[in-house]
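Student: I'd like to go through this structure with you. Could we begin with its pocket and then move on to the overall fold?

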Amino acid sequence: MEDLLQVGIITGTHGLKGEVKVFPTTDDKERFNDLDTVLINTGDEMIEQHVEYCKFFKQFVFVKFRGIDDINDVEKYKRCPLMVTREDAVPLEEDEYFVADLLGLTIVDDSGVTIGVLENVIATGANDVYEVRTPDGGDVLLPAIKDCILDVDMEEKIILVHMLKGLME
């Protein structure tokens, strides 16, 4: 399991007083209201920053870090992921999982046949879609709906699925 979870990506600066423009990668961008501390992943290091405030505009979140009051001090963070620790993550409901925890799990159908490994989760308007890499290098797309995803066993690292008609064609 990942210890750090991505909640957004800094896409640029906003204004002259050190705000950053963040594209949220979390299901609920309002969760930024509850963030006190984030980690900026520069690629070389994780830099802890305290959130002074945030505001919302369209699909973006503008975040102001405490003690950073100049655009020049945040320019270097463009394209950097914003991370939180698992302890600071949003509590999950029953049958909810962080995408980072699902990636790499083995997909097995209800007849016991291994379909492949979960490579990506694609967010769509209606439901997520699981992109599964098959043993022969192909891809299968599975809708993340109750009729298809039967069980997630995090201990065994298996997702049990029912292959709806037409999914493997």
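Tutor: Four elements, β1 (4-14), α1 (99-102), β8 (114-122) and β11 (149-153), each supply at least two residues of the lining of the largest pocket, where helices (H or I, at least four residues) and strands (E, at least two) are DSSP runs numbered from the N terminus. This is a predicted model, in which local features need pLDDT of at least 70 and side-chain atom pairs count only at pLDDT 80 or more, while totals for chains, interfaces and linings use all residues. Residues are numbered from 1 along each chain as its sequence is written, and side-chain values use heavy atoms, with hydrogens and water left out.

Student: Which residues lie nearest the centre of the largest pocket?

Tutor: Those are D27, Y97, F98, V99 and D128, out of 35 lining residues. A pocket here is an open set of points on a 1 Å grid over the protein atoms alone, where a 1.4 Å probe fits, with protein on both sides within 12 Å along at least five of seven lines, and lining residues have an atom within 4 Å of a point.

Student: And how do the lining residues divide?

Tutor: The lining of the largest pocket has 23 nonpolar, four polar and eight charged residues, with Gly counted as polar and Asp, Glu, Lys and Arg as charged.

Student: Changing topic, how many helices and strands does the protein have?

Tutor: The protein has one helix and 12 strands, and from the N terminus on the order is β-β-β-β-β-β-α-β-β-β-β-β-β.

Student: What box do the C-alpha atoms fill?

Tutor: Taken along the principal axes, the box is roughly 60 × 30 × 30 Å.
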